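Subject: Structure for you to look at

Hello,

Here is the structure I promised to pass on. Please open it beside this email, then read my notes below.

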Amino acid sequence: ESEMSELPAGWTLRESRSNPGKFYYFNAATGESQWEVPTEPAAGGEEQVQCSHLLVKHAGSRRPASWKQDPITRSKEEARALLEGFRQRIEKGEVTFADLAKVESDCSSARNGGDLGRFPRGAMQKPFEDAA
């Protein structure tokens with residue numbers, strides 16, 4: 001454990017699943033691993049974030065269609081009201097974000113509970129990137 005705190009930034013020590021008792025070093029930025037103790041901070045290019053979302057489109061959306069409905073005809077106000085109701089249900093503990101996203105999101109990420117995975121700066125629309 002003391003060895004782990006001495007690792008260069010971006011590296012973690014993990015135990016092999018296929019070879020229990022044997023440990024390897026994982027670069028979280030790139031997803032790569034190695035057996036040798038790293039001596040330099042993890043290189044991985046750009047900073048990335050991972051987030052989830054529950055998208056509710058409206059008739060004025062850039063592409064007012066989804067896997068659930070084509071075309072989408074609700075107003076922006078109706079979309080906001082739906083989102084507010086979803087937020088309240090999540091906050092009350094009635095449903096998890098991921099479970100709600102699976103059935104209510106207009107994004108194809110719905111199948112992953114709204115998880116968009118990891119992405120670098122510039123990959124998403126600016127307002128979403130700023131929030132992420």
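In which helix do Arg 87 and Glu 91 lie, and how many residues apart are they? Both are in helix α2, 4 residues apart, which is about one turn of the helix. Keep in mind that this is a predicted model.

Arg 87 and Glu 91 form a salt bridge. Their closest N and O atoms are 2.6 Å apart. Arg 87 is partly exposed, at 39% relative accessibility. Glu 91 is exposed, at 56%. Shared partners join Glu 84, Arg 87 and Glu 91 into one network of salt bridges.

Now the helix pair. The axes of α2 (residues 76-91) and α3 (residues 97-104) come within 10 Å and cross at roughly 150°. Angles over 145 degrees count as roughly antiparallel, so α2 is roughly antiparallel to α3. The crossing is right-handed. On the α2 side, Phe 86, Arg 89 and Ile 90 make the contact; they meet Phe 97, Leu 100 and Glu 104 of α3. Of these contact residues, 4 are nonpolar, none is polar and 2 are charged.

Glu 104 also forms a salt bridge with Lys 68, with the closest N and O atoms 3.5 Å apart. Glu 104 is in α3 and Lys 68 is in the loop between β4 (48-52) and α2, so the pair ties together parts 36 residues apart in sequence. Glu 104 is partly exposed, at 26%. Lys 68 is partly exposed too, at 34%.

Arg 89 has a salt bridge with Glu 94. In total, the structure holds 6 salt bridges.

Best wishes

Conventions: Residues numbered from 1 in each chain as written. Predicted model: local features only at pLDDT ≥ 70, side-chain atom pairs only at ≥ 80, totals over all residues. Heavy atoms only, no water. Axes fitted to C-alpha atoms, helices over the stretch in contact; angles between N-to-C directions. Helix = DSSP H or I, 4+ residues; strand = E, 2+ residues; numbered from the N terminus. Parallel < 35°, antiparallel > 145°, perpendicular 65-115°, else oblique. Left-handed = near helix turned anticlockwise from the far one by under 90°. Contact = heavy atoms within 4.5 Å. Nonpolar A, V, L, I, M, F, W, Y, C, P; charged D, E, K, R; others polar. Salt bridge = Lys/Arg side-chain N within 4 Å of Asp/Glu carboxyl O. Buried < 20%, exposed > 50% of the residue type's maximum accessible area, 1.4 Å probe, protein only.
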